[in-house]
Amino acid sequence: MEHTPHTVSDVMTQTVVAIGQETPFKEIVETMEQWKVSALPVLVGEGRVIGVVSEADLLPKEEFRESEPNRSEQLRRPDDVRKAGALTAGELMSSPALTVHAGDTIAQAARTMAFRSVKRLPVVDNAGLLQGIVSRSDLLKVFLRSDEDLAEEVRAEIVTRLFGDSAKHLEVTVTDGVVSLHGTVRDTSLLPVVARLVRAVEGVVDVAFDVTGPTPAPAGPHW
């Protein structure tokens, strides 16, 4: 069975374009355009990540080109006003950098991106040194797993382990990432557990059940 990606290291890009603190504004824009990226890690020393410059950090310079920020804008958006006058990566970057570790789960990285509204995250080691970068599209790679591979994992790792011999009465099919379970089981109280475990399999879109308990034995004669 194909290995299920569980951590950031399984999907991250190891070749990363980065810049230094003194990189000038125009070179930052040129680098983003050349490499087709929306953010760049800022490094010092042997590769320690101290910040990130994104397209959002660059836009205030254009926004305030035609007019100076008014008093209200200066009070409400001090960071944007400051960045409008910035000339180097060190002045533009968001710091400290929002990062993840290679051993973090894909779910952890996805939650960080969602909660902080970022498109990519530098991957660092325990010393803060850059190891790679992970983007939203990298995290979505888990949904490229084949239906057959998902079905095999659900059967072997969940259904067989939970239901033992009675698993032979439970059919597992997967269509477009949606797992369907059909048949009978001895203990239907386990179905909520099964649903949670199946949804936790990376690449699964959803789960559906058509499962019943064992057929009751016919009642004996009444005397």
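1. The largest nonpolar core in this predicted model has 21 residues. Those with the most contacts inside it are Val159, Phe163, Leu170, Val172, Val179, Leu181 and Val198. The largest share, six residues, comes from α8. In soluble globular proteins, nonpolar side chains tend to be buried together.

2. Now look at α8. Its buried residues are Asp149, Leu150, Ala151, Glu153, Val154, Ile158, Val159 and Phe163. They pack against β7, β8 and α9. The helix α8 bends by about 35° at Arg155. After α8 comes Gly164, with a positive phi near 60°.

3. What does Phe163 touch, leaving aside its neighbours within four places in sequence? Its contacts are Leu170, Val185, Arg186, Asp187, Leu190, Leu191 and Val194.

4. Next, the strands. β7 and β8 run antiparallel, joined by six bridges. Leu170 has Gly183 in β8 as its bridge partner. The two strands form a hairpin with two residues between them. In the turn, Asp176 has a positive phi of about 55°.

5. Do β8 and β9 run parallel or antiparallel? They run parallel, and seven bridges join them. Thr184 stands opposite Thr212 in β9. Together with α9, β8 and β9 make a right-handed β-α-β unit.

Conventions:
Residues numbered from 1 in each chain as written. Predicted model: local features only at pLDDT ≥ 70, side-chain atom pairs only at ≥ 80, totals over all residues. Heavy atoms only, no water. Core = buried A, V, L, I, M, F, W, Y, C linked by side-chain atoms within 4.5 Å. Buried < 20%, exposed > 50% of the residue type's maximum accessible area, 1.4 Å probe, protein only. Helix = DSSP H or I, 4+ residues; strand = E, 2+ residues; numbered from the N terminus. Contact = heavy atoms within 4.5 Å. Bend = angle between axes of the 7 residues up to and from the residue. Pairing = 2+ DSSP bridges. Right-handed = clockwise from strand over helix to strand, strands pointing away.
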